Amino acid sequence: MDAEALDMTGSKNNETYENRLYDVAEKLQIPDSTLQITRVRLDHLRGEADVDAAQFARIAPTVLALSCREDGLPITGRDIVEPWVDLLADPEATELDPERLPEQIEAVADRLDIDHPPERPDTLVERYADSLDLSASVGTAGKRILTDVFREAPRAVAEASSPAETAGASLVLAAEANGVDGIGPNEVGDVGAAGGVTIKNRYKAFREVLDEGGLDARRYQADAVEEGAPADTGRPDAKSSASDGGVSDVSADACMDAVRGMFPDELPTTATVAEDLGAPEERVGDRLQDLADRGELTARRAGETVAWIPGDRDELGADLTIDAVHSEVDALVEALDVDASVRLFARGLVSDAAESVAVEDAAEFAGAALIASSRINDGDLDPATVARERGFGTRVLYQWLDRLGEIAAVDIPRRGPSDVVEALAEDVAFSETVLEDSRRTLEQYEPAADHGGFAAPELAAGAVFFAATTGGEPIDAGELADSIGFEASHVTDAMNTVFVSLCRGLIRGEIDYEESFWTADLLESDRIADIGDPRTGRAVAAAKTYVAGREGQHVDESTLDVLLAED
């Protein structure tokens, strides 16, 4: 196997498709249940003789797209492929193409013995609307509802049994929002692949997410979807949007003139456009969204702020990116009640470093800048708290802290894994033996050999989980995860990576068998059999073989790579 295949095309932030999978899933808010079935399928494909490591760079995002479809998530192939490609070391060299993803999904489904891969839920919404003689605008409202519910509560969507269920529930809600009679779960079930009962259950879940009055939003009204003229929604009491204070109060031309007048010297946001027009933000926001739906504007989200860019312009200058990130810093300061001094220092860090940052990363970058500022000023702002406030993964903030330290040339105080272990000992109940064994685990662990892109808290929790499990004092991974603000799967993955590194160190002769607390368990305890994933299993099997006949016959790194290769 050549070096390119082993590297699987490389990555800016990590070296494995598993880590890219996690990064993309975090960015898109893909629920753990969807990610888990994706991993199971990839493990299955990894065992096939004719699938080599290099192919996984293309197969992994395709399998993720298939799982998203099956769970009815409003995520397109482009949504997955573009951030995936951005993580590659050489994005220009990739063969990934979102336009080819549908045929690749068919091919992967065939390998997985899935006869008919499902269609995307947005496609189904359009089909069901057409079959029920609903206007295209009501169908668009249904797609908006599905997208908004997913943004607010991804699990409420992923818990559906099929995309037909999520599409059906969204269309029922769109019909309700537009006063269309006779379009309930049973009627949609008659033209779709999901039954009326399952659609009704999903409808209730979506309705709860939208809250009381949520369906009254202008963006769900069919007449707001169109250019200003009232849509033929079939409502007996349909009114002109001009008479009910709707989006047509705000001229599309006026919005476009305001945006073009600001850009590129000023950041056109809903607030700044509304101020320029002297109109309510909600109505201006609806009109701007309509213009974006029609392709005349591009919405560039910067954390909680949306920048509206003319359709023929797609790049923000450094000054506008700084403005966007500053706005997000201010929003986080207000939400988290952060000191003014920390805010000012964070804004300074942003000004020094934002030139090389995409505006879409404003939330993560602003969060990292606030954390760095807090630490530099002897504060203790918790990354997990910032991540929860903005709904992205905690690991992302640690990666941005690393990047900020590089591009801003600033020394950011860090806690190493050993420091976090000490903090875990105060927060989670485990014995002195586990604490000491966790310290020894981290001493033996070699991050340069197999770090997996983990943050210090993940490695610390992984070491504790490993020490406790091998020592016969099992600790709940979820409890450790809650303490550090990460997902439980991150703790188990870190433990597996630590265990693999230790096994490799033992076989290379860098770890002394007699002086390690865990080595005897390789042969003498059944607990080892309960630990790990297939990669860990291969490393343990190799370590057992080595231990059984150990006579100083160590194995070098390159030979180990061959012995432990996935194929």
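Both Phe466 and Phe499 are buried, where buried means under 20% relative accessible area, exposed means over 50%, and partly exposed lies in between (1.4 Å probe, protein chains only). The model is predicted: local features need pLDDT of at least 70, side-chain atom pairs count only at pLDDT 80 or more, and totals for chains, interfaces and linings use all residues. Residues are numbered from 1 along each chain as its sequence is written, and side-chain values use heavy atoms, leaving out hydrogens and water.

## Aromatic pairs

The whole structure holds six aromatic pairs. Rings of Phe, Tyr and Trp (its six-membered ring) pair if their centres lie within 6.5 Å; planes under 30 degrees apart count as stacked, over 60 as edge-to-face and the rest as tilted.

One of the pairs joins Phe365 and Trp400. The ring centres of Phe365 and Trp400 are 5.6 Å apart and the planes meet at 50°, so this pair is tilted. Phe365 sits in helix α19 (residues 362-376) and Trp400 in helix α21 (residues 394-407), so the contact ties together parts that are 35 residues apart in sequence. Helices are DSSP runs (H or I, at least four residues), numbered from the N terminus. Phe365 counts as buried, at 0% relative accessibility. Trp400 is also buried, at 8%.

Phe466 and Phe499 form an aromatic pair too, again tilted, with 4.8 Å centre to centre and 50° between the planes. Phe466 belongs to helix α25 (residues 456-470) and Phe499 to helix α27 (residues 488-508), so this pair ties together parts 33 residues apart in sequence. Phe466, Phe499, Phe517 and Trp518 are linked by ring pairs into a cluster.

## Salt bridges

How many salt bridges does a search of the whole structure find? The search finds 22. A salt bridge is a side-chain nitrogen of Lys or Arg within 4 Å of a carboxyl oxygen of Asp or Glu. Three of them are tabulated here.

| Pair | N to O distance |
|---|---|
| Glu165 and Arg202 | 3.0 Å |
| Arg207 and Glu176 | 3.2 Å |
| Glu436 and Arg439 | 3.1 Å |

Start with Glu165 and Arg202, whose closest N and O atoms are 3.0 Å apart. Glu165 lies in helix α10 (residues 163-177) and Arg202 in helix α12 (residues 196-210), so the bridge ties together parts that are 37 residues apart in sequence. Glu165 is buried, with a relative accessible area of 4%. Arg202 counts as buried as well, at 9%.

Next come Arg207 and Glu176, which meet in a salt bridge of 3.2 Å. Arg207 lies in helix α12 and Glu176 in helix α10, so this pair ties together parts 31 residues apart in sequence.

Glu436 is partly exposed, with a relative accessible area of 36%. Arg439 counts as partly exposed, at 27%.

Salt bridges also build a network that links Arg144, Arg287 and Asp290.

## Surface charge

Where is the negative surface patch? Asp265, Glu266, Glu275, Asp276 and Asp323 form it. Patch residues have over 30% relative accessible area and no salt bridge; like charges are joined within 9 Å, and nonpolar side chains (Val, Leu, Ile, Met, Phe, Trp, Tyr) within 5 Å. Asp and Glu count as negative, Lys and Arg as positive, and His and the chain ends are not counted. Asp323, one of the patch members, is found in helix α17 (residues 318-336). Asp323 is partly exposed, with a relative accessible area of 36%.

## Contacts across the sequence

Helix α12 also contains Glu208. Glu208 counts as exposed, at 64% relative accessibility.

Arg111 is placed in helix α6 (residues 101-111). Arg111 counts as partly exposed, at 31% relative accessibility. From C-alpha to C-alpha, Arg111 and His44 are 9.8 Å apart in space, and they are 67 residues apart in sequence.

Methods
Areas by Shrake-Rupley, 256 points an atom, 1.4 Å probe, with all protein chains shown as cover. Charge placed at Lys NZ, Arg CZ, Asp CG, Glu CD. Helix = DSSP H or I, 4+ residues; strand = E, 2+ residues; numbered from the N terminus.
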